[in-house]
Amino acid sequence: MRRRVAVIGGGISGLAAAVRIRDRAARDTEIVVYEGSGVLGGKLRTGELAGAIVERGAESFLVGAPDGTESAAVRFARRLGLGDQLVHPSAGQAALAVGGRLEPIPPGTLMGIPRESAGDDRDTGAPLLAADEDVTVGALVRARYGDEVVERQVDPLLGGVYAGRADQLSLDATMPALASAARAEHTLAGAVRAAQAASVRVPGRPVFATVEGGLSRLVRAAAVASGARISLGLPMRHLARTTHGWRATLGPAAAPQVDDVDAVVLAVPATSASRLLASARDPSGSAAVGDLTYASVALVAMALPSDTPLPELSGFLVPATERTLVKAATFVTRKWTHLGREGGPMIIRTSLGHVGEEERLQRDDAVLAAQAHAELGALLGSSLPPPIASWVQRWDGALPQYAVRHRERIASARAGLPPGLALAGAAYDGVGIAACIASGEAAAEDVCRYLEDS
């Protein structure tokens, strides 16, 4: 009997799920990817500025996994025939912008946390955390190393990934290796060293990679490899159990479309997933998933004249204590040397906004771009020439904020899901590209096992 699977959400998690289902399920399985917007890829979107390729969303992915193997993103790229198209950033150093100066990020730290004892990091004769305990990153580090380490080092590094604050983000969800070590080690320095030792480093392996020509190539290749029917621009309105599977209702209320499928992968943000779970009469899962909050961010990219003096860095991060809207800057054509050209402009991409700063982002594009330009100059310590060209990319509700016990709540939600339905995406398993791909593939495996057993 021919089976049909719906993947709701056409971001990289949903596309990875669709490809894995194509590889694992029976050959005649029909896969349908429903993406409510008009474009696939989610936060992966390649743009252009002054003749250079500039990502409008995520710019790269991890090359290695903690166990030393290749990351899910690299394996996925190889599966799609793009393994020989991977490029890596230059070895340029990144910095922290503190008090009008650019200071190198201290070497040997773990997300800004030093491996040498500081502050009140004494051995009290017991592990830092109980076996089932979770705390915020900020709570753990403040208690042991003090406020300055959190605010000047940890917060900007976490903010660069999550647009969140160390005092609000779960240690277990954002730094699982450190959380695991803290349940055995008696000092924070010991936990940092143990977490670093547990991560296998392959000599000579770059940390990050992207795809030559932009990450949109990864999206297009995944859509093709999945062999899925792609439905764009029709948001999913309702999901209901039927005798033999699921009924999806999509499109405008005045003229809804209905599709019956055997299994579903929900690869959408937590708010949408919660609504669909509620419509599918799974209120417990809906509550567990729907309590996630999100941070909004904006990206401002600007092309500056080729002779603009810039420090020899790949970019810098900005602590929230500096009170700028700019929280990070990447010197794109310096970090990714394959994008530069002789006599071409210097491309800088700035990231704006932390969680709770949505109102500060609600300015029109021209005002936001001007503020980014002015703050960038102030952070660099010199005025910058007017940009040759620029663009603004807004990502409303882009980055999930993992509160304490996030992983426990998601595990509980998954345990209560009806058979034949799986969750995937950044809301559950991590915000990086590699984590999203792994999440999509795991959801696909769950669905495939269900199809085999039913």
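This is a predicted model: local features need pLDDT of at least 70, side-chain atom pairs count only at pLDDT 80 or more; totals for chains, interfaces and linings use all residues.
Student: Which residues of H2 are buried, and what makes them count as buried?

Tutor: The buried residues of H2 are Ala72, Ala73, Val74, Phe76 and Ala77, and the word applies to a residue with under 20% relative accessible area. These residues pack against H1, strand E5 (61–62), strand E6 (86–87), H8 and H16.

Student: With which residue does arginine 78 meet in a salt bridge, and what makes the pair one?

Tutor: Its partner is glutamate 70, with an N to O distance of 2.8 Å. A salt bridge needs a side-chain nitrogen of Lys or Arg within 4 Å of a carboxyl oxygen of Asp or Glu, and therefore the pair of arginine 78 and glutamate 70 qualifies. Glutamate 70 itself, at 26% relative accessibility, counts as partly exposed.

Student: How many salt bridges does this rule give?

Tutor: The count comes to 30 salt bridges. Another of them joins aspartate 155 to arginine 165, where the closest N and O atoms are 2.5 Å apart. This pair links distant parts of the chain, since aspartate 155 is in helix H4 (residues 147–162) and arginine 165 is in the loop between H4 and helix H5 (171–174), ten residues apart.

Student: Are aspartate 155 and arginine 165 buried or partly exposed, and why?

Tutor: Aspartate 155 has a relative accessible area of 6%, so it is buried, whereas arginine 165 has 29% and therefore counts as partly exposed, with the limit for buried being under 20%.

Student: Which residues are linked in a network of salt bridges?

Tutor: Arg20, Arg24, Glu441, Glu445 and Glu452 are linked in such a network.

Student: How many residues make up the largest nonpolar core, and which touch the most other members?

Tutor: The largest nonpolar core has 48 residues, and Ile21, Phe61, Phe76, Leu80, Leu218, Val265 and Ile437 touch the most other members. H16 gives the most to this core, with nine residues. Leaving aside residues up to four places away in sequence, isoleucine 21 touches Val5, Val7, Thr29, Ile31, Val265, Ala444 and Cys448. Apart from this core lies another, of 46 residues, among them Val54, Val149, Ala195 and Trp395.

Student: Why can leucine 62 be part of a nonpolar patch on the surface?

Tutor: A patch takes residues with over 30% relative accessible area, and leucine 62, in strand E5, has 40% and is partly exposed, so leucine 62 passes that cut-off. Leu62, Val207 and Phe208 form the patch, with about 240 Å² of accessible area together.

Student: Why does serine 412 count as partly exposed?

Tutor: Serine 412, which lies in helix H14 (residues 406–415), has 49% relative accessibility, and exposed requires over 50%, so serine 412 counts as partly exposed. The C-alpha atoms of serine 412 and valine 289 are separated by 9.5 Å, although these residues are 123 residues apart along the chain.

Key:
Residues are numbered from 1 along each chain as its sequence is written. Side-chain values use heavy atoms; hydrogens and water are left out. A nonpolar core is a set of buried Ala, Val, Leu, Ile, Met, Phe, Trp, Tyr and Cys residues joined through side-chain atoms within 4.5 Å. Buried means under 20% relative accessible area, exposed over 50%, partly exposed in between (1.4 Å probe, protein chains only). Helices (H or I, at least four residues) and strands (E, at least two) are DSSP runs, numbered from the N terminus. Contact means heavy atoms within 4.5 Å. Patches are made of residues with over 30% relative accessible area and no salt bridge: like charges are joined within 9 Å, nonpolar side chains (Val, Leu, Ile, Met, Phe, Trp, Tyr) within 5 Å. Accessible areas come from the Shrake-Rupley method with a 1.4 Å probe; for residues, only the protein chains shown count as cover.
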